[in-house]
Amino acid sequence: MKVLLLGASGRIGRRIANELLDRGHEVTGVSRSGTVEGIDDPDFEAVAGDATDADDVAELAEGYDAVASALGPSGDEDVEVLPEMAEAVVAGLREAGVDRLVWTGGAGGLNVGPDTLLVETDEFPDEIEPLARSAIDALEVLRDADDLRWTYVAPAAIIEPGERTGEFRTAEGELVADEDGESYITMEDFAIAFVDELENGEAVHSRLGVGY
Ligand SMILES: NC(=O)c1ccc[n+]([C@@H]2O[C@H](COP(=O)([O-])OP(=O)(O)OC[C@H]3O[C@@H](n4cnc5c(N)ncnc54)[C@H](OP(=O)(O)O)[C@@H]3O)[C@@H](O)[C@H]2O)c1
């Protein structure tokens, strides 16, 4: 598959790029600078682009089989940029005629009960609530774009660099936690689940939680 990966220079984006490349996909990785450190593969090309600009996304996405996103607000950037990026990416895909979009979302937008999202629980940390709410605003943008085959793949509550074990669970719409209530995933295993979904499309128009 030819995959355009937005946010390829980020912590999660670099792991998704490596997972795609290991499986033989051709990857074009987008960041604002046009550089992606640490990936040296003949099937990888780093390019510059702005994910808040629909025309930029359209031009980059033309001719690709799918667009993947590991976009996030970098550094101290306003978290509100997330839905803005989702709007531009959706518009760009439509313009380019690409209909598959797999989006890295946030755990806060996953259900922990029939009518409760993680972000709505008392335990959810106040300091990350604005980012979580902004990720949910981006999800709403996807939900308004059912002409595209989108999937919102969201990690466990805690995601960190770690081991690639291949042993994890996924759940449509739900936060994945272990029997002690701990919700955790390594970035390497998250990347496996993300690329599985990109290849197989088992959770189109849905949220997919990933954890142990
Ligand atoms: N537990 C959770 O729910 C959880 C935890 C962590 C992360 N996440 C989510 O996962 C996503 C990725 O997280 P991360 O930690 O990997 O983020 P990160 O390391 O900050 O990477 C963000 C990426 O987005 C790119 N980017 C930002 N603005 C851009 C723009 N206007 N145009 C093009 N590229 C742009 C950055 O590229 P440049 O800056 O190089 O341009 C970088 O590649 C985020 O949406 C975050 O909310 C969820």
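A polar side-chain atom of serine 9 lies 2.7 Å from an oxygen atom of the ligand. This value, like the others in this report, was computed from a predicted model. Two further pairs involve the protein backbone: a polar backbone atom of glycine 10 is 2.9 Å from an oxygen atom of the ligand, and a polar backbone atom of leucine 71 is 2.7 Å from an oxygen atom of the ligand. On its own, the ligand has 920 Å² of accessible area, and the protein covers 83% of that area.

**Residues around the ligand**

The ligand is surrounded by 25 residues. Ser9, Arg32, Ala51, Leu71 and Ala107 are the closest of them. This shell consists of 11 nonpolar, 11 polar and 3 charged residues.

**The pocket**

Where does the ligand lie? The space that the ligand takes is the largest pocket. This pocket holds about 1200 Å³ of space, and 48 residues line it. Nearest the centre of the pocket are Ile12, Gly72, Pro73, Gly105 and Leu131. Several helices and strands each give two or more residues to the lining, among them helix H1 (11-22), strand E2 (26-31) and helix H3 (81-96). Helix H4 (129-143) also belongs to this group, and H4 provides the largest share of the lining, 4 residues.

Notes:
Residues are numbered from 1 along each chain as its sequence is written. This is a predicted model: local features need pLDDT of at least 70, side-chain atom pairs count only at pLDDT 80 or more; totals for chains, interfaces and linings use all residues. Side-chain values use heavy atoms; hydrogens and water are left out. A residue is near a molecule or strand if one of its heavy atoms lies within 4 Å of it. A polar contact is a pair of N or O atoms within 3.5 Å; within protein, one must be able to donate a hydrogen and the other to accept it, and residues adjacent in sequence count only if both atoms are side-chain atoms. Accessible areas come from the Shrake-Rupley method with a 1.4 Å probe; for residues, only the protein chains shown count as cover. On a 1 Å grid over the protein atoms alone, a cavity is a set of points where a 1.4 Å probe fits but cannot get out, and a pocket is an open set with protein on both sides within 12 Å along at least five of seven lines; lining residues have an atom within 4 Å of a point. A molecule sits in a cavity or pocket if more than half of its atoms lie within 2 Å of its grid points. Ala, Val, Leu, Ile, Met, Phe, Trp, Tyr, Cys and Pro count as nonpolar, Asp, Glu, Lys and Arg as charged, and the others, Gly among them, as polar. Grid points are joined across faces, edges and corners, and a volume is the space filled by probe spheres set on the points.
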